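Student: Could you take a close look at one part of this model for me, a pair of packed helices, and then tell me about the contact between the chains? I'd like one connected walk-through.

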Amino acid sequence: MLSLHREGRSPVHAVPAGVKLLVLFAAGTALFFVRSVAVLGGALAGVALCYALARVPWRVVARQVLTVVPFAVALSAVQWLVTGWEAAVLVGLRMLVLVMLANLVTLTTRTSAMVAAIEAVLRPLAPLGVRPERVGLLVAMTIRFIPVIKEQADQVRAAQRARGVERSTAFLAPLLVKTLRLADGLGEALDARGVDGAAARPGKTPRSGKDRPL
Amino acid sequence: MIEIEGVGHRYGEHRVLRDVDLRLTEDRVGVIGSNGSGKSTFARLLNGLLIPTEGRVGVDGLDTRRRGKEVRRRVGFVFQDPDIQIVMPTVAEDLAFGLKGRGLGREEIRARVTEVLEEYGLSEFRDHPAHLLSGGQKQLLAIAAVLVTGPRYVVFDEPTTLLDLRNKRRIGKLVRELDQKVVVVSHDLDLLAEFDRVIVFDRGRVAADGPAEESIAAYVAMHPPL
C-alpha cells in the first residue's frame, strides 16, 4: 500500500476493495490447510494469471518476487532442517502465494477504497464503541507516515555518518525523539483540520517544538 | 474580524506572551519577531489550537475557548512543515480528507477535489503518493487542503521557510492573491513587504504595529548587524 497502487482499468482493478480483502482473508486461511505442492503450485499459477489480467508490468512483478524470495528461502531452509524437504517446499510456496496475492491487492486498490472497505466491515461494531472512521483514519495515516519515518531514519543515519559514526545503537534515540515530535505536530495538524480529539484547553502544552520553553 | 483582548500565555512557568490587545481587520497581516518571541504561539491562538491562559481571542464574535470547533472551521491553519499537515497517502485523498469531515457526499467531494486540483496545478499528481512530492508541491498541497474547506481566514506559520527561491515566490504570490483574509507569521520580510499591516513581537509583547514598511524598518532597527 505504500505508494504501490498503480492506476488501471483491468478487471482486477474493477473488483471492489471489500471483495479483494475478503478473498485475501479467505485465501490466507485456506492456504494453511493445503498440504499438496501441486495445489499450491496451481494457486501460484492462479496468482500469476491475476497479475497478467491486472496488466502489472513484469519489472514490478520481478521486483516484488525478488523481495519475498529471500525470506521464503530462509524459512524453507529452516523447515528443511527441522521437518524435511516437502514441508520446506510447502512453506516457501505458501509464503510466496500469500505475499504475491497481498501485493496484487495493494497494486490494484486505492488506499481510500481500502479504508472505506475497512470502515464498512467495522460499522456493525459501532454500537460496541468501535469508531470505524477512526480505525480507517489510523490505517490511512499509517500508510502515509511509514515513508516519512523512514525518511527521518535516513536523515539521522546520514547525520551520524557525517560525524564519523557508521553504526551505532544511539541511532534509535534521536529517531525516537523525531518521531515523537512528528506525532506531536500531527496531533496539532489533525486538530487544525477539524478532527477534534482532545479539545484545546487553557495553557495546553504546545504540540510543536517551537516556542517550547527551554 | 479577529479580536485579541488582554491575551497572555504561559507554558507552565514560562511566559511567552503578555498584554496583547489587537483587532485584526486587514486583509493581509504579517507577524514577525525573533525566535522565541511568541509569534508561533500567537498564530496558534488565532484558530483555537491553543487557548490563552489570560484574556480572550474571538473570531467573528466566536470565543476560541467555547466555540473552538466553529472557529477552526472559519480559520484554516497552514503549518511550516507540510509533512505533518498532509495526513493521507495520496494528493486527492488528502484534499478529500477535510471535506469528508464536513459531511459532504461522495460526488460533491470528488467534484470539489477535481476543481481544487486544477486551480492549484496539481491535477497531474491526483493519485501521486504525498511523500514523493517535492517540498514546494507538498506546501502547495497543504495550502490547497486548507482552502478546499472554504475558510474565511487562513493563518500561515512560516509557510516559505523550508522552500527554495522559486517555490518561495510561488507560495508568496499565492498567499498575496488569496481571497481570504490572511495572517502570516514569517521571517521572510520580502513576503510581508506589501502587506497591509505587520506586527512585530519581541519577548512576548507587541513591539511595533503598523504599515509593513514602518514595522519592518522597526524590526530591522531592533536587530543591528553584528
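This is a predicted model: local features need pLDDT of at least 70, side-chain atom pairs count only at pLDDT 80 or more; totals for chains, interfaces and linings use all residues.

**A helix pair, then the chain contact**

Tutor: The axes of helix 4 of chain B (residues 91–100) and helix 5 of chain B (residues 106–119) come within 9 Å and cross at roughly 130°. Since angles over 145 degrees count as roughly antiparallel and 65 to 115 as roughly perpendicular, that makes helix 4 of chain B oblique to helix 5 of chain B. The crossing of these two helices is right-handed. On the helix 4 side, the contact uses A92(B), L95(B), A96(B), L99(B) and K100(B); helix 5 of chain B brings I109(B), R112(B), V113(B), V116(B) and L117(B). Sorted by class, that's eight nonpolar residues, two charged and no polar. As for the spacing, an α-helix has 3.6 residues a turn, so residues three or four places apart point the same way.

Now for the contact between the chains: chain A puts in 34 residues and chain B 38. On the chain A side, helix 6 (111–122), helix 7 (132–162) and helix 8 (172–192) each supply at least two residues, with the largest share, eight residues, coming from helix 8 of chain A. By class, this side of chain A has 16 nonpolar, seven polar and eleven charged residues.

Helix 8 of chain A deserves a look of its own. Its buried residues are G185(A), L186(A), E188(A), A189(A), L190(A), D191(A) and A192(A), and they pack against helix 2 (68–74), strand 6 (75–78) and helix 3 (82–85) of chain B. Just after helix 8 of chain A, G194(A) takes a positive phi of about 95°.

Key
Residues are numbered from 1 along each chain as its sequence is written. Chains are lettered from A and ligands numbered from 1 in the order in which they are written. Two residues are in contact if their C-beta atoms, placed from the backbone, lie within 7 Å. Helices (H or I, at least four residues) and strands (E, at least two) are DSSP runs, numbered from the N terminus. Ala, Val, Leu, Ile, Met, Phe, Trp, Tyr, Cys and Pro count as nonpolar, Asp, Glu, Lys and Arg as charged, and the others, Gly among them, as polar. A residue is buried if 20 or more other C-beta atoms lie within 10 Å of its own, exposed if 12 or fewer, and partly exposed in between; C-beta atoms are placed from the backbone. Axes are lines fitted to C-alpha atoms, for helices over the stretch in contact, and angles run from 0 to 180 degrees between N-to-C directions. Angles under 35 degrees count as roughly parallel, over 145 as roughly antiparallel, 65 to 115 as roughly perpendicular and the rest as oblique. A crossing is left-handed if the near helix is turned anticlockwise from the far one by less than a right angle, and right-handed if clockwise.
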